Amino acid sequence: MHNPHTRTDSLYFDYPVFAFVRPPEMDGRAITHPVAIAGGGPSGLIAALELARFGVKCVVIEADETVSEGSRAACVSRRSMEILQANGVDQAFLAEALPWTHGTSYYREHEVFRLAMPHSDDERFYPMANLQQNLFEALLVERAQALGVEIRWRSRVTGVRQVPGASANTGAAAVELEVDTPAGSYTLRAQYVVAADGARSELRRLMGLKLNGESHEGRYLIADIQMTSTYPTERRAWFDPASNPGKTVLLHKMARDMWRIDYALDDDEDEEAEMQEARVKQRIKRHLDWIGETAPWTLDWVRLYKAHCLCLDDYRHGNVFFIGDAAHLVPIFGVRGMNSSMADANNLGWKLAAVLRGAAPDALLDSYSPERRAATVDVFANAAKSTRFMSPPTRGFALLRDAALQLAVTETFARQWINPRQSAPYDYIDSSLTTPDEDAFARGARPGAPMTCVKLANGRYLNDDVRDGFVLLVFGDGDAAKEFFETLVREDDATRMASTQGLQPALHIRSIFDEAAMHACDAVSGSAYLVRPDGHVCARWRQAAEDKVRTALERVLMKNGGIDHAAICRSK
Amino acid sequence: MPLSVEANERLYDALAEAIDAIGPEKDALFLTKLALLLANQIGEEAAVNQAIQKARDHIALERVKGIEPSS
């Protein structure tokens, strides 16, 4: 029997304890869930929210009885904020998160790089915002439960079996999971399973799948301390500081007066000895003393970390989809771990919903792996460079790194090598779902990229309302959009809309008559952007026409026979 | 013409990989040859001397505190 234990001794957070509830399967009820999600971390919970907002019921299987421990992934990117916005948790997140735009890198005591992430009034969200993962997960749990998502706590997956043609309601293939609980084990059946069970994914192991790639040199200690300091929220990085000679130290401010300090260990330092509380405190004190931080502080949590660039060769295996750390392990530098995990959930959610609700064939789900695996490969390329700079793996890279850092003290050109390469969204330009540009655009989100954000004259932002289905943004006065209502929303579609209320993803047609938006998107009257439910542009036209929109929709929903099943509705 | 960010990143990797391929016994000789080749391409004695002086100053950075940024 599976019986987890909860840690409750945090300085700033009361870990909630969730009870095991006996599932109906254990009383003999045969249920085929549309989707079961293994793992209630950020990727699993975002996947649950994505499914819920498109009207698909899912069940989350979580081995623990509480949220994750410590600050862990504490930094959320602007793109991830857009995903949170689509799922109605951005405001709750920002109520406690600390947004930031800047960072400073030091070589010893010299400032050698000033990080300034792009930010302007046209952005709804800051480039980065810090919130500890335990606080974040608690928000996600609350939201998921409010939306009726069933989270089965203290339930561990111990077996997985793909069953062709076993699904009770459709006759389609299904997946059976063996689930161990405090009350014994049972079999859970679902049409699709999302493996979001983290770096040490049990599903990955049970299915005999291997992560491939490379692991990097360097071990880092991550410690959370409570400290009331007036220093602003920004990223600080030290190379070769007197407090950790030859190595690095990172410092981030988080919510509730918590600070996170990461420092690299020397190759000859013993992990176990370094994890001892007295030793950790000594090293933190040495650094805080050296930077002149005088506020008193208390140690809360410590973890050892190593950088990996590892991923599965394919993120889809039958009806099981791997997302987040279960699919890929990403170095911490540049905050790409949880942010790319959230993008996985954002990508897979609407596709599962479209297939389960009959708007697209199962083949649409085949696009998940190539789109997100390409994003992982891109993440690896950037994160590997950041990691090589933080912990040079060879003499050559060490010489280059030290030369760059020392030159950067006086030479501006050398500072570019110190840029920490913060996470950026991935554009699905090579995806089979994306319709390449036929027309030349000077500005605006290219097909595959997340939709352009710009502040509108009415105080809202252009990409505020692009994620509740497929959205066709038609630029120009109402007349330009009216044509599309008349041609795309035919009578039979309108009738079907009434009978399939709530069928998502639907197509919404929105008229955008705003000077700043038209400029930012290089649009004229009659131009249009077609946006996927995950906020990525899938096609755009200088002069849109009904047949072009239809073809692009067929392409993105992989429907050769037309888009009749996609509910089309007029938006407010 | 200053190098682009992308070009600088590629050169950084290429140089590190070359040093690793050559090994610690010969890398000083390699870097000296590289410096002479680049000096020949620059073709201006004063500019090369200025770079030599700057590089020397930055070696001093390993021991002396407080080089003031020039910009």
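Start by selecting helix H9 of chain A, residues 368-390. Helix H9 lies across S12, strand S14 (248-253), strand S15 (258-265), S16 and S19 of chain A, and runs at about 120° to S16(A). Helices here are DSSP runs of H or I with at least four residues, strands are runs of E with at least two, and both are numbered from the N terminus. Axes are lines fitted to C-alpha atoms, for helices over the stretch in contact, with angles from 0 to 180 degrees between N-to-C directions. Two residues are in contact if their C-beta atoms, placed from the backbone, lie within 7 Å.

This is a predicted model, in which local features need pLDDT of at least 70, side-chain atom pairs count only at pLDDT 80 or more, and totals for chains, interfaces and linings use all residues. Residues are numbered from 1 along each chain as its sequence is written, while chains are lettered from A and ligands numbered from 1 in the order in which they are written.

**Stop 1**

Now select the strands. An open sheet of 8 strands in chain A has the order S6-S5-S13-S14-S15-S12-S16-S19, with mixed pairing. Two strands pair if DSSP finds at least two bridges between them. Which strands stand at the edges? They are S6 (110-116) and S19 (328-329) of chain A; each has a single partner strand, so one side of each is left without a neighbour in the sheet.

Move to S12 (residues 212-227) and S16 (residues 297-311) of chain A. The two pair in the antiparallel sense over 13 bridges. Click Met227(A): opposite stands Trp297(A) in S16(A).

**Stop 2: a three-stranded sheet**

Next, select S3, S7 and S4 of chain A. These 3 strands form an open sheet in the order S3-S7-S4, with antiparallel pairing. S3 (75-77) and S4 (98-100) of chain A are the edge strands, each pairing on one side only. On average, neighbouring strands of this sheet are turned by 30° against each other, direction ignored.

S4(A) and S7 (residues 128-130) of chain A are joined by 3 bridges. Leu98(A) stands opposite Asn130(A) in S7(A).

**Stop 3: helix H1 of chain A**

Select residues 42-53 of chain A. Is H1(A) enclosed or in the open? Of its 12 residues, 12 are buried, so H1(A) is largely enclosed by the rest of the structure. A residue is buried if 20 or more other C-beta atoms lie within 10 Å of its own, exposed if 12 or fewer, and partly exposed in between. The cover includes S1 (32-38), S2 (58-61), H2 (78-86), H4 (133-146), S11 (184-195) and H8 (337-356) of chain A. Just after H1(A), Gly55(A) takes a positive phi of about 80°.

Stay on Ala48(A). Leaving out residues up to four places away in sequence, Ala48(A) touches Ile37(A), Cys58(A), Val60(A), Ala144(A) and Val149(A).

**Stop 4: the nonpolar core**

The largest nonpolar core has 171 residues. Such a core is a set of buried Ala, Val, Leu, Ile, Met, Phe, Trp, Tyr and Cys residues joined through C-beta atoms within 7 Å. Among the residues with the most contacts inside this core are Ala36(A), Ala48(A) and Leu530(A). H8(A) gives the most to the core, with 11 residues.

**Stop 5**

Select Val175(A), in strand S10 (residues 174-181) of chain A. Val175(A) counts as buried, with 25 C-beta neighbours inside 10 Å. Val160(A) is 15 residues away in sequence and 7.0 Å away in space, C-alpha to C-alpha.

Then go to Ile332(A), in the loop between S19 and H8 of chain A. Ile332(A) is buried, with 23 other C-beta atoms within 10 Å. Beyond four places in sequence, Ile332(A) touches Tyr305(A), Ala307(A) and Gly337(A).

**Stop 6: chain B**

Finish on chain B. Its secondary structure comes to 3 helices and 0 strands. Buried residues make up 6% of its 71 residues. Select H2(B), residues 27-42. The number buried among its 16 residues is 0, so H2(B) lies largely in the open.

Show both chains. 14 residues of chain A are in contact with 16 residues of chain B.

Methods
The expected span of a helix is 1.5 Å times one less than its number of residues.
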